[in-house]
Each structure stands twice: as structure tokens, then as C-alpha cells.
Amino acid sequence: MSIDPLAELGGFLTATEAARLAAQIHAGLYTAAALDEIGAARRESARQLLEAAQLGSDDRERTVSVLRAISGAKREMRQLTPVWTMPGNEAKVGHLTGEFHRIARGARQSVTAATYNFEGSSQMWTVLEEASEQVGVVVTVYVDGTVADATAVKKQLSRAIVYRSATLADGQRLRSHAKFVVIDHEVLLLTSANFSYSAENRNVEFGLLVRDSALAESVEATMTSKHGSLYELM
């Protein structure tokens with residue numbers, strides 16, 4: 001445990017977790033009940049950190065203020081980083097494939113990934129499979145229903161939630177060309193790259209890593225709103 005429990009708590013909680021905890025404690029719930037807002041795999045750690053920081057329902061006003069401050073600070077922490085993939089790793093400002101792997105392997109709650117094509121040569125199979133096996137991490141993958149083999153994706157990533165683009169009313173399948181990764185509802189990686197060996201090693205691909213929870217949550221919410229209409233569950 002850190003010698004600064006408030007800093008430790010601030011580093012542990014995501015913006016969404018802090019905001020939800022604050023709302024529940026402000027509404028009058030006891031700490032134990034409010035902690036239901038935290039995923040089961042992280043709940044005990046959150047409880048211990050709150051206790052170490054002397055926060056909880058016994059001191060509602062201070063607790064709500066601190067949690068709202070954590071949430072607000074993290075939502076304002078908008079960091080933009082350009083990332084590239086180039087043959088021979090010529091990019092000097094960040095490596096797209098490396099960022100893919102780093103942020104996905106660092107997930108604590110969720111990984112939401114969308115790609116046009118998901119080829120067998122991609123290293124993302126291993127990364128997403130590892131993430132889906134982490135306790136408390138929900139992995140959701142969107143692929144194009146014509147170009148990518150959604151059945152193979154679901155078979156390989158058996159613990160992930162897999163969607164493919166749906167067939168529209170005119171009989172044509174929707175082309176899903178969006179390519180992004182969202183981690184823990186806070187970090188968004190937009191990219192030109194498909195999940196393939198060529199994109200990850202041979203092509204010139206460009207992406208933008210954005211640390212903005214409001215934007216990340218908006219992207220996920222938009223995709224969720226299209227379940228059953230533009231995307232079908234595998």
C-alpha cells in the first residue's frame with residue numbers, strides 16, 4: 001500500500017468507477033453497497049483503498065468530493081499521441097503495433113476492438129485471448145461480416161463477445177470499416193491498420209492514441225446502440 005492512500009486510490013480507480021461510486025454514496029448507500037459499482041475482480045482492492053484513505057459512507061461529504069475530483073481529473077487528462085507502423089520500425093514517435101499490445105495487456109476492465117479484417121497472421125489473436133482470460137476483463141470484438149471470418153474469430157476467442165456486421169434490408173451485408181481499440185472505457189486507439197501481419201509489420205499505418213474517457217465511452221455507446229440492427233452477435 002502506498003504511503004499516500006489518496007494517490008493510490010486515484011491511480012487505481014477509473015473515471016467511470018469514481019463517478020459511479022460518488023453517485024451511490026451521495027445517494028445514501030453504505031460503502032459496501034456502493035462498491036457494487038466496481039467489478040467483482042477489483043472490488044476488494046477498491047474497498048481496501050477507500051479504507052486506507054479514510055473514505056466511505058461515514059464521511060459522505062468528503063468521500064463524494066474526493067471521488068468526484070478523481071473522476072473529473074481523469075476525464076480532463078486528454079493526451080494525444082500519434083503512433084505509426086513502418087517497415088523496419090522507422091517510426092520515431094511511437095509504434096502502432098506496440099501500442100496495440102501494451103494497452104490491451106494493461107486492461108483492467110474491458111477491451112473493445114473493431115477491425116475490418118482479422119487475419120490469422122495477426123498478433124492480436126494472442127493479445128485479445130490473453131485479455132479475455134483475465135478475471136474481470138470483458139473483451140468485445142467487431143468485425144466485417146464478409147471480409148473477416150467471424151466464426152473463426154469466435155472459435156479462437158471463445159471467451160470474447162464477437163459481433164459481425166449484419167445483412168441490411170436490401171440483402172447486402174453492411175461493410176464495417178471502423179478500426180479502433182478502447183481500453184477500460186478511457187483509452188481510445190484509432191488506427192488505419194487491420195489486424196494482419198502486413199498491417200502490423202509491412203505497411204505504413206497511422207493511428208492516434210487518445211486518453212479521453214468521454215470520447216472512449218461515446219465510441220463504445222455508439223457501437224452498443226447498433227446491436228441487433230447493424231451488428232449481429234456470433
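Predicted model: local features only at pLDDT ≥ 70, side-chain atom pairs only at ≥ 80, totals over all residues.
Which residues have the most contacts inside the largest nonpolar core? Residues are numbered from 1 along each chain as its sequence is written, and side-chain values use heavy atoms, with hydrogens and water left out.

**Entry 1. The cores**

I found that V111, F118, L128 and V181 have the most contacts inside the largest nonpolar core, which has 32 residues. I used the term for a set of buried Ala, Val, Leu, Ile, Met, Phe, Trp, Tyr and Cys residues joined through side-chain atoms within 4.5 Å. For burial I took under 20% relative accessible area as buried, over 50% as exposed and anything in between as partly exposed (1.4 Å probe, protein chains only).

I then listed the elements that each supply at least two residues of this core: the helices α6 (96–105), α7 (124–132) and α8 (150–156), and the strands β2 (110–115), β3 (138–143), β5 (180–183) and β6 (187–191). The largest share, five residues, comes from α7. Helices (H or I, at least four residues) and strands (E, at least two) are DSSP runs, numbered from the N terminus.

I looked up L128 and recorded that it touches V111, F118, V139, V141, L157 and F195, with residues up to four places away in sequence not counted. Contact here means heavy atoms within 4.5 Å. Apart from this core I noted another, of 19 residues, including L9, A22, L50 and V64.

I located L21 in helix α2 (residues 15–26). L21 is buried, at a relative accessible area of 1%. Beyond its neighbours within four places in sequence, L21 is in contact with L13, A34, L35, I38, L50 and L67. I also took one C-alpha to C-alpha distance: L21 and E61 are 13 Å apart in space and 40 residues apart in sequence.

In helix α1 (residues 5–12), I found P5, L9, G10 and F12 to be the buried residues. Seen down the axis of α1, they fall within an arc of 165°, so they line one face of the helix. The arc is that of the directions from the helix axis to the C-beta atoms.

**Entry 2. Salt bridges**

How many salt bridges does the structure hold? I recorded eight, a salt bridge being a side-chain nitrogen of Lys or Arg within 4 Å of a carboxyl oxygen of Asp or Glu.

I examined E17 and R42, whose side chains meet at 2.8 Å, N to O. This pair links distant parts of the chain, with E17 in helix α2 and R42 in helix α4 (residues 40–52), 25 residues apart. Both E17 and R42 are buried.

I noted R47 as partly exposed, with 32% relative accessible area, and E51 as exposed, with 56%. E44, R47 and E51 are linked in a network of salt bridges.

E99 is buried at 15% relative accessible area, whereas R102 is partly exposed at 44%.

**Entry 3. Loops and backbone**

I placed S122 in the loop between β2 and α7, where S122 is buried with a relative accessible area of 5%. Not counting residues up to four places away in sequence, S122 touches F195, S196, Y197 and E200.

Which phi value does D184 have? I recorded a positive phi of about 55°, although D184 is not a glycine. H185 also has a positive phi, near 60°, and is likewise a residue other than glycine. D184 is buried, at 5% relative accessible area, while H185 is partly exposed, at 24%.
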